[in-house]
Amino acid sequence: MLYFILCTYLTGTTLGKRAMNLRVVSADGQKLTILNVVYRETIGRFLCSLSVGIGYIIAGVDREKRGLHDILCDTRVIYAKRVKVIPVYPRYQAPPMPGQPMPGPGQTVVPPMPGYPPQNTQPPREEQPDTAGEENRRDS
(Lines give C-alpha, C1' and ligand atoms only; values in the text may rest on other atoms or scores of the structure.)
Protein backbone atom coordinates (compact mmCIF):
# COMPACT_ATOMS: atom_id res chain seq x y z
CA MET A 1 0.00 0.00 0.00
CA LEU A 2 2.87 2.35 0.75
CA TYR A 3 4.06 2.08 -2.86
CA PHE A 4 0.68 3.15 -4.25
CA ILE A 5 0.26 5.94 -1.72
CA LEU A 6 3.73 7.45 -2.19
CA CYS A 7 3.83 7.15 -5.98
CA THR A 8 0.32 8.56 -6.41
CA TYR A 9 0.91 11.42 -3.98
CA LEU A 10 4.36 12.43 -5.25
CA THR A 11 3.97 11.94 -9.01
CA GLY A 12 0.28 11.25 -9.63
CA THR A 13 1.20 7.97 -11.28
CA THR A 14 2.47 4.48 -10.57
CA LEU A 15 4.71 2.53 -12.94
CA GLY A 16 1.67 0.98 -14.64
CA LYS A 17 -0.10 4.31 -15.03
CA ARG A 18 3.10 5.89 -16.34
CA ALA A 19 3.43 3.14 -18.96
CA MET A 20 -0.13 3.84 -20.09
CA ASN A 21 0.30 7.67 -19.95
CA LEU A 22 -2.28 8.02 -17.17
CA ARG A 23 -2.30 10.36 -14.17
CA VAL A 24 -4.52 10.69 -11.09
CA VAL A 25 -5.77 14.24 -10.44
CA SER A 26 -8.39 15.76 -8.17
CA ALA A 27 -11.70 16.75 -9.75
CA ASP A 28 -11.06 20.47 -9.29
CA GLY A 29 -7.57 20.29 -10.81
CA GLN A 30 -5.71 21.00 -7.58
CA LYS A 31 -2.78 18.95 -6.28
CA LEU A 32 -3.81 15.74 -4.54
CA THR A 33 -3.74 15.90 -0.75
CA ILE A 34 -2.12 13.12 1.24
CA LEU A 35 -5.42 12.42 3.00
CA ASN A 36 -7.23 12.07 -0.30
CA VAL A 37 -4.58 9.69 -1.68
CA VAL A 38 -4.51 7.53 1.47
CA TYR A 39 -8.31 7.29 1.44
CA ARG A 40 -8.38 6.41 -2.28
CA GLU A 41 -5.61 3.81 -2.13
CA THR A 42 -6.70 2.07 1.11
CA ILE A 43 -10.42 2.36 1.84
CA GLY A 44 -11.44 2.92 -1.79
CA ARG A 45 -9.50 -0.03 -3.17
CA PHE A 46 -10.62 -2.24 -0.28
CA LEU A 47 -14.29 -1.48 -1.03
CA CYS A 48 -13.74 -2.08 -4.76
CA SER A 49 -12.23 -5.51 -4.20
CA LEU A 50 -14.63 -6.42 -1.37
CA SER A 51 -17.57 -6.28 -3.76
CA VAL A 52 -16.05 -8.92 -6.09
CA GLY A 53 -14.61 -6.25 -8.36
CA ILE A 54 -17.88 -4.39 -8.90
CA GLY A 55 -16.17 -1.18 -7.80
CA TYR A 56 -13.79 -1.46 -10.75
CA ILE A 57 -16.53 -2.55 -13.19
CA ILE A 58 -18.43 0.64 -12.37
CA ALA A 59 -15.78 2.47 -14.43
CA GLY A 60 -17.20 0.82 -17.56
CA VAL A 61 -20.68 2.18 -16.80
CA ASP A 62 -19.85 5.64 -15.45
CA ARG A 63 -19.88 8.49 -17.99
CA GLU A 64 -16.58 9.84 -16.65
CA LYS A 65 -15.01 6.35 -16.39
CA ARG A 66 -14.50 6.53 -12.62
CA GLY A 67 -14.22 3.51 -10.39
CA LEU A 68 -15.76 3.37 -6.92
CA HIS A 69 -12.50 4.54 -5.32
CA ASP A 70 -12.46 7.58 -7.67
CA ILE A 71 -16.09 8.41 -6.89
CA LEU A 72 -15.47 8.24 -3.12
CA CYS A 73 -12.41 10.52 -3.28
CA ASP A 74 -13.59 12.78 -6.11
CA THR A 75 -10.55 12.03 -8.26
CA ARG A 76 -10.13 11.43 -11.98
CA VAL A 77 -7.68 9.38 -14.02
CA ILE A 78 -6.68 11.35 -17.12
CA TYR A 79 -4.22 11.01 -19.98
CA ALA A 80 -0.97 12.57 -18.79
CA LYS A 81 0.31 13.69 -22.17
CA ARG A 82 -0.49 13.38 -25.81
CA VAL A 83 1.31 10.67 -27.70
CA LYS A 84 3.08 11.90 -30.81
CA VAL A 85 1.71 10.17 -33.90
CA ILE A 86 4.22 9.57 -36.66
CA PRO A 87 2.54 9.10 -40.06
CA VAL A 88 3.60 6.08 -42.07
CA TYR A 89 4.16 6.64 -45.75
CA PRO A 90 4.41 3.91 -48.37
CA ARG A 91 7.96 2.95 -49.22
CA TYR A 92 7.37 2.92 -52.97
CA GLN A 93 4.85 4.85 -54.96
CA ALA A 94 4.35 4.26 -58.66
CA PRO A 95 4.95 7.25 -60.92
CA PRO A 96 1.83 8.81 -62.42
CA MET A 97 0.72 7.65 -65.85
CA PRO A 98 1.13 10.08 -68.75
CA GLY A 99 -1.83 12.42 -68.89
CA GLN A 100 -2.78 11.72 -65.26
CA PRO A 101 -2.67 14.53 -62.69
CA MET A 102 -0.04 14.42 -59.98
CA PRO A 103 -1.36 12.92 -56.73
CA GLY A 104 -1.85 15.14 -53.71
CA PRO A 105 -0.54 14.43 -50.21
CA GLY A 106 -1.92 11.20 -48.81
CA GLN A 107 -3.13 9.97 -52.20
CA THR A 108 -1.63 6.97 -53.89
CA VAL A 109 -1.40 6.24 -57.57
CA VAL A 110 -2.78 2.88 -58.61
CA PRO A 111 -1.38 1.72 -61.95
CA PRO A 112 -4.01 0.54 -64.43
CA MET A 113 -4.55 -3.16 -65.01
CA PRO A 114 -2.95 -4.58 -68.18
CA GLY A 115 -5.48 -4.71 -71.01
CA TYR A 116 -7.88 -2.31 -69.34
CA PRO A 117 -9.52 -0.31 -70.80
CA PRO A 118 -9.91 -2.50 -73.87
CA GLN A 119 -8.03 -1.23 -76.93
CA ASN A 120 -10.94 -1.91 -79.26
CA THR A 121 -13.45 0.72 -78.23
CA GLN A 122 -15.78 0.32 -81.25
CA PRO A 123 -19.25 -0.91 -80.38
CA PRO A 124 -19.92 -4.52 -81.43
CA ARG A 125 -21.59 -4.99 -84.80
CA GLU A 126 -25.14 -6.19 -84.74
CA GLU A 127 -25.61 -9.30 -86.81
CA GLN A 128 -28.59 -9.33 -89.12
CA PRO A 129 -30.62 -12.49 -89.19
CA ASP A 130 -30.22 -14.72 -92.22
CA THR A 131 -33.57 -14.35 -94.02
CA ALA A 132 -32.51 -16.05 -97.24
CA GLY A 133 -32.98 -19.48 -95.76
CA GLU A 134 -36.49 -18.64 -94.59
CA GLU A 135 -37.61 -17.59 -98.08
CA ASN A 136 -36.43 -20.90 -99.53
CA ARG A 137 -38.39 -22.78 -96.90
CA ARG A 138 -41.60 -20.88 -97.67
CA ASP A 139 -41.35 -21.71 -101.35
CA SER A 140 -41.09 -25.40 -100.82
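A salt bridge is defined here as a side-chain nitrogen of Lys or Arg within 4 Å of a carboxyl oxygen of Asp or Glu. The model is predicted, so local features need pLDDT of at least 70 and side-chain atom pairs count only at pLDDT 80 or more, while totals for chains, interfaces and linings use all residues. Residues are numbered from 1 along each chain as its sequence is written, and side-chain values use heavy atoms, with hydrogens and water left out.

**Figure 1. Overview of the protein, with 6 helices and 2 strands.** The elements follow the order α-α-β-α-α-α-β-α from the N terminus; helices (H or I, at least four residues) and strands (E, at least two) are DSSP runs, numbered from the N terminus. Of the 140 residues, 19% count as buried, a term that means under 20% relative accessible area, with exposed meaning over 50% and partly exposed lying in between (1.4 Å probe, protein chains only). The protein exposes about 11,900 Å², 60% of it supplied by carbon and sulfur atoms; these areas come from the Shrake-Rupley method with a 1.4 Å probe, and for residues only the protein chains shown count as cover.

**Figure 2. Salt bridges of Arg40 with Asp70 and Glu41.** The side chains of Asp70 and Arg40 meet with an N to O distance of 2.8 Å. This pair links distant parts of the chain, with Asp70 in helix H5 and Arg40 in helix H3, 30 residues apart. Asp70 is buried at a relative accessible area of 4%, and Arg40 is buried at 3%. In the salt bridge between Glu41 and Arg40, the closest N and O atoms are 2.7 Å apart.

Figure 3. Glu41 is buried, its relative accessible area being 0%. Its side chain makes a polar contact with that of Thr8 at 3.4 Å; such a contact is a pair of N or O atoms within 3.5 Å, and within protein one must be able to donate a hydrogen and the other to accept it, residues adjacent in sequence counting only if both atoms are side-chain atoms. Leaving out residues up to four places away in sequence, Glu41 touches Met1, Phe4, Ile5 and Thr8, where contact means heavy atoms within 4.5 Å.

**Figure 4. Lys17 in helix H2 (residues 15-19).** Lys17 is buried yet has no salt bridge, and the nearest side chain of opposite charge, Glu41, is 5.1 Å away. In this count Lys and Arg are positive and Asp and Glu negative, whereas His and the chain ends are not counted. Apart from neighbours within four places in sequence, Lys17 is in contact with Gly12, Leu22, Val24, Arg40 and Arg45.

**Figure 5. Cys48 and Cys73, with sulfurs 9.5 Å apart.** This separation is too far for a bond, a disulfide being a pair of cysteine sulfur atoms within 2.5 Å. Cys73 is likewise in no disulfide, and the whole structure contains 0 disulfides. Both residues are buried, Cys48 with a relative accessible area of 0% and Cys73 with 5%.

**Figure 6. The salt-bridge network of Asp62, Glu64, Arg66, Asp74 and Arg76.** Within it, Glu64 and Arg76 meet at 3.0 Å, N to O. Glu64 lies in the loop between helix H4 (54-61) and H5, and Arg76 in strand E2, 12 residues apart. Glu64 is partly exposed, at 45% relative accessible area. Asp74 is partly exposed as well, at 41%, and has a positive phi of about 55° although it is not a glycine.
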